[in-house]
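Please look over the sequence and the 3D structure shown here before reading on.

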Amino acid sequence: MSFKPANHIQDLQYFGEFGGVNPSISDSSTYTFLSAKTMFDTFEGNADGCYLYSRHSSPSNLYLGEALAAMEGTETANVSASGMGAITPVILQLCDAGDHIVSSRTIYGGTYAFLKNFTTKFNIETSFVDITNLERVEAAITKNTKVLYCESVSNPLLEVADIQGLNAIAKRHNLKLVVDNTFSPLSISPAKLGADVVIHSLTKFINGSSDTVGGVVCGTQEFIDQLRNVNDGACMLLGSTMDSLRSASVLKNLRTLHIRMQQHSFNAQYLAEKFEEDGLKTVYPGLASHPSHEIFKSMMNEKYGFGGMLTIDIGSLDKANALMEMMQDQNLGYLAVSLGFYKTLFSAPGSSTSSEIPEDEQKAMGLSDGLIRFSIGLDADIERTYQMMRRCMEDLNILNNASVLV
Ligand SMILES: *Cc1c(COP(=O)(O)O)cnc(C)c1O
């Protein structure tokens, strides 16, 4: 692929109203109109460049949205107060009561809970499938199916969606393909591979400083206009709006994303190779042993690598907890959920971020107790980090325990 997402961000140019090199922050909830007619037109959605009320849109949110649309190569985008605040309106905009969704079964716990327990209130049913099995995906489609939902790299099992293959199925059945690209910004550009809607939790790599939650929906002008419609737009009416001060802050962090992703990926690739050599059950899309390594390669913008997320399975929750506590004691990272921080973050997803998924379903999808999910940080000396992690594993007898070795 020749798509250059960071160039598109770099090529945007906007100044503050006094020539500041950063756009001014719009510190207003409401906006004046010079004529009553323009106010009416704005309500009708016909006055480009006019602002109405900041739940609808604000200059700061538009700047951030345009930068993210440039990154994903979509016509436009709408930012929201959180990743869930982007996912839930998209689903509710695309589906009416009685509609059906086919979703990957390995998705973010909150999205899973929303599709499994919440949309059912509106009689919207979801079939959860192994997204890497395209025949199964297609077989799950019914006459009521409207949406095909997946994550480009899934949480927490790091399954990789064949977006081009899914796009072909979506087109055949007239479905909208919605892809959550939170785990692989810059590395994968789902819209370029056929996704209709691309979602991010900005909370993670894109903002990268673990100081806020945020989200974005990237799509066509037509779809984003629908989401913002004052009469029946899910973003407008559900009200999950990002604050302007925050969007200005996320925009500044976005500018270093290309450098950060390269370092996250470099460090994760290094550790994954070492862990695998040590005989640990390691899952990382950049390893040839990953079942979707070739598919990831065929989709990726090479420069940004295979991302910052990896998992190891060390056999039991007790061992996983002991290792995570020891690594934190030695300042190798934090025992915390979330991802995309400068420090390495680790957690055991079965008992934390994926605890919404019932135990038997966790088993069926291969989410075991001893799984540790790592979001690898920006460590300047990853060799030293590895040596220190290895020592922790040796102290806990993890590397000598045959049951966890492949
Ligand atoms: C964190 C996350 C979300 C939810 O985002 P919030 O900002 O926490 O609301 C959705 N999808 C994925 C893949 C995530 O990692």
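## About the model

This is a predicted model, in which local features need pLDDT of at least 70 and side-chain atom pairs count only at pLDDT 80 or more, while totals for chains, interfaces and linings use all residues. Residues are numbered from 1 along each chain as its sequence is written, and side-chain values use heavy atoms, with hydrogens and water left out.

## Two domains

The chain is divided into domain 1, residues 5–254, and domain 2, residues 258–404, with bounds that come from an automatic or database domain assignment. Their C-alpha centres lie 28 Å apart, and the contact between them (heavy atoms within 4.5 Å) takes 37 residues from domain 1 and 38 residues from domain 2.

The size of an interface is often given as the accessible area lost when the parts come together. Between domain 1 and domain 2 the buried area (accessible area, with a 1.4 Å probe, that two parts lose on being put together, summed over both) is about 3,100 Å², and carbon and sulfur atoms give 64% of it.

## Two helix pairs

Two packed helices are described by the angle between their axes and the distance between the axes. Here the axes are lines fitted to C-alpha atoms over the stretch in contact, and angles run from 0 to 180 degrees between N-to-C directions; helices (H or I, at least four residues) and strands (E, at least two) are DSSP runs, numbered from the N terminus. Helix H11 (residues 257–277) packs against helix H15 (residues 382–395) at an angle of about 40°, with the axes 10 Å apart. Among the residues making this contact are Phe 266 and Tyr 270 of H11 and Tyr 386 and Met 389 of H15.

Helix H4 (residues 84–94) and helix H8 (residues 221–228) pack at an angle of about 100°, their axes being 10 Å apart, which means that H4 is roughly perpendicular to H8 (a term for angles of 65 to 115 degrees). Pro 89, Val 90, Gln 93 and Leu 94 of H4 meet Phe 223, Gln 226 and Leu 227 of H8 in this contact.

Most residues other than glycine have a negative phi, and most peptide bonds are trans. A cis peptide bond, with omega of about 0°, joins Asn 155 and Pro 156, and Pro 156 is placed in the loop between strand E4 (145–151) and helix H7 (163–172). Leu 158 also lies in the loop between E4 and H7, and Leu 158 has a positive phi of about 60° although it is not a glycine.

Terms used. Parallel < 35°, antiparallel > 145°, perpendicular 65-115°, else oblique.
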